[in-house]
Amino acid sequence: MIVTPLPRQYYSKWTEISPAALEHNLKQLKRACRDPQTQIMGVVKANAYGHNVSQVAPVLWRAGVSHFGVATLGEALYLRQILPEAEHILILGALTTDQYHLALEEGFAFMFHTLSHLPILEGLANGTGKTAEVHLKVDTGMGRVGIRPEDMGLALDQLAKTERINLRGICSHLATSDRPNCPHIARQLQIFAEVVAYARSHLREPSALMYHIANSDAVFQYPEAHYNLVRPGISLYGYGGIPGLALKPALALKAQITQLKVVPAGTALGYGRTFITQRPSQIGVVAIGYADGLNRLLSNRQDVLLRGKRLPLVGRVSMDQAAIDLTDLAAEVKEGEVVTLIGSEGQHSITAQDWADQLQTIPYEVLTSLGTRLPRWSVD
Ligand SMILES: Cc1ncc(COP(=O)(O)O)c(C=O)c1O
């Protein structure tokens, strides 16, 4: 978690979080959920995908998000501390049997993903006198955790016989929702529909349960995946695999220039001498490095923005510093000027998706890799 930040003058690098962008993205999700009965679980695990959960969760809560998804017990405890009003916190990550009693003591809902844990959970619930609030995870084709769909009957029978295990939901997770029209999604959705139909016909009060499978991309692409709860994460932060969505990135990354220098042609810059100037060059050293999430593989490959222009990173990104070539700007830049690494300036914008494309990864990884020493300032 981000510790309480110091006053602004202490920092030469920071992120800016836009509550307006979060609200805008939530509005797009709500619009996609045509059935007003469908509730939204804001997925705020991994410190709200690197955006700082203590800023993000209250914005989402005020904008009407009723449920929150986290990955770990620690995240659930922290969220409860900062947003005690939020009653519906679901731990999405699989807990170990050792952690069940903590979830029980704290009263968090969690995923129940294997029948082999049932005797342990039941024993703990009986022993503590607490009731476990569980969402039954069914593996419809993700191939990680979850019971097999064909074990639904057995699972419902066994759960019905327990006194202190309260079945709150039935859920699954999609493996390929970022690939439009992937036949595997259709298969997963079909299996989940059968699982839900089975539950609805065998449970005493099926309407008391939440049924959920849709992540961000599925919310926008597959209305049949909505049921009464959807679990978007990345789209809240302005990204997603579906082209043409009007989402707004909620995070900008900025850093100041700490040194300016003019160097002759033939000057090697930084560790490994990976960049040698081909002309007399104006170089700016920027106070940000791979410890802040500026991946070292972006060395000599990624542009930044300054005064509305794209300028290249030159030389190897080091732990705390990186260099940019200011020569083409042909302007008198001052030390202390602010460079945008992710965000918009003038006609240009650089997104976490651009970094992800360079790094052959996904924006999730770029965003969650942003360092804890970067403060997250709220803007707008
Ligand atoms: C179980 C679960 N549900 C929902 C989400 C949100 O997915 P997305 O960020 O693609 O919307 C995640 C994210 O990994 C997840 O693990």
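Predicted model: local features only at pLDDT ≥ 70, side-chain atom pairs only at ≥ 80, totals over all residues.

Analyst: A helix here is a DSSP run of H or I with at least four residues, and helices are numbered from the N terminus.

User: Why does Q360 count as exposed?

Analyst: The term exposed requires over 50% relative accessible area. Q360 has a relative accessibility of 76% and therefore counts as exposed.

User: Which other residue has a positive phi although it is not a glycine, and where is it?

Analyst: D380 has a positive phi of about 85° and is not a glycine. D380 lies in the segment after β19 (376-378). Because its relative accessibility is 69%, against a cut-off of over 50%, D380 is also called exposed.

User: Why is the surface patch at K27 called positive?

Analyst: The patch is formed by K27, K30, R31 and K248. Lys and Arg count as positive, and therefore the patch made of these residues bears that name. Patch members need over 30% relative accessible area. K27 belongs to helix α1 (residues 19-32).

User: How do you know that β4 and β5 pair?

Analyst: Pairing requires at least two bridges between the strands. Strand β4 (residues 88-91) and strand β5 (residues 109-112) are joined by two bridges, and therefore they pair. They run parallel, and L90 has A109 in β5 as its bridge partner.

User: What makes β8 and β9 edge strands?

Analyst: Eight strands form an open sheet with parallel pairing, in the order β8-β7-β6-β5-β4-β3-β2-β9. Strands β8 (210-212) and β9 (229-230) each pair on one side only, and they are the edge strands.

User: Why is β13 described as largely enclosed by the rest of the structure?

Analyst: Buried means under 20% relative accessible area. Six of the six residues of β13 are buried, and therefore the strand is described as largely enclosed. One side carries S281, I283 and V285, the other Q282, G284 and V286, and both faces are covered.

User: Which strands pair with β13 (residues 281-286) in the antiparallel sense?

Analyst: Strand β10 (residues 251-263) is joined to β13 by six bridges and runs antiparallel to it; Q259 has V285 as its bridge partner there. Strand β16 also pairs with β13 in the antiparallel sense, over four bridges. In that pairing V285 stands opposite A323, and V286 stands opposite A322.

User: How do you know that β15 and β16 pair?

Analyst: Two bridges join strand β15 (residues 309-314) to β16, and the cut-off is at least two, which means that the strands pair. They run antiparallel, with V314 opposite A323.

User: Which residues of β16 point each way, and are they buried or exposed?

Analyst: In a regular strand the side chains alternate between the two faces of the sheet. In β16 (residues 322-325), A322 and I324 point one way and A323 and D325 the other, and all are buried.

Notes. Residues numbered from 1 in each chain as written. Heavy atoms only, no water. Patch = residues over 30% accessible without salt bridge, like charges linked within 9 Å, V, L, I, M, F, W, Y side chains within 5 Å. Areas by Shrake-Rupley, 256 points an atom, 1.4 Å probe, with all protein chains shown as cover. Salt bridge = Lys/Arg side-chain N within 4 Å of Asp/Glu carboxyl O. Charge placed at Lys NZ, Arg CZ, Asp CG, Glu CD. Buried < 20%, exposed > 50% of the residue type's maximum accessible area, 1.4 Å probe, protein only.
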